[in-house]
Structures are given as C-alpha cells and as structure tokens.
Amino acid sequence: TVSSIIAIMSTRGKNRNKCYDMKFKQFIVLQAEKNSMRSIAKQFGIDEKRVREWSLQKTQIMHADDVQG
C-alpha cells in the first residue's frame, strides 16, 4: 500500500545508497504512467533519472515476480 511505501522511504538515510525492492519499482512505474515522472520522483524522494530508468525497464520490472517465483 502507499502508506507502507511512504513509511519505508521515510526510514532511509539521505546520504546512503538505496536499494529498492521490486514491488516498490512496480508501484513507481505504474504511478509514473498516471502522473509526471518529476512529480512521482519528488513525492517519493527518489531521483527523477531513476524513475525514467525504471519506466524504460517496465517490461522486466513488471514480470520480475514471474522470474523470481
């Protein structure tokens, strides 16, 4: 859910490398289709470039659950 994703984001340090799980990436890709990539990046505190990359990798990201089992 959105509230759990926001809770996860708020607990991360700002100056550390971030590792995003596949569910989060899927959520962001779907949100970016409905809204601007810039607004989604700002709302969730992630780099706009990352949102663009994930959007370009949409097929792999959306089917990652199929591969991982």
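**Reading a helical chain**

Guide: Read along the sequence, this chain follows the pattern α-α-α-α-α-α, where helices are DSSP runs (H or I, at least four residues) numbered from the N terminus. The model is predicted, so local features need pLDDT of at least 70 and side-chain atom pairs count only at pLDDT 80 or more, while totals for chains, interfaces and linings use all residues. Residues are numbered from 1 along each chain as its sequence is written, and side-chain values use heavy atoms, with hydrogens and water left out.

Visitor: Which residues have the most contacts inside the largest nonpolar core?

Guide: A nonpolar core is a set of buried Ala, Val, Leu, Ile, Met, Phe, Trp, Tyr and Cys residues joined through side-chain atoms within 4.5 Å, and buried means under 20% relative accessible area, exposed over 50%, partly exposed in between (1.4 Å probe, protein chains only). Here the largest such core has 13 residues, and those with the most contacts inside it are Tyr20, Phe24, Ile28, Phe44, Ile46, Val51 and Trp54. Two or more residues come from each of α2 (22-34), α3 (37-44) and α4 (48-56), with α2 giving the largest share, 5 residues.

Visitor: What does tryptophan 54 touch?

Guide: Contact means heavy atoms within 4.5 Å; leaving aside residues up to four places away in sequence, tryptophan 54 touches Tyr20, Phe24, Lys25, Ile28, Val29, Ile46 and Ile61.

Visitor: Why is arginine 50 called partly exposed?

Guide: Arginine 50, which lies in helix α4, is called partly exposed because its relative accessible area is 32%.
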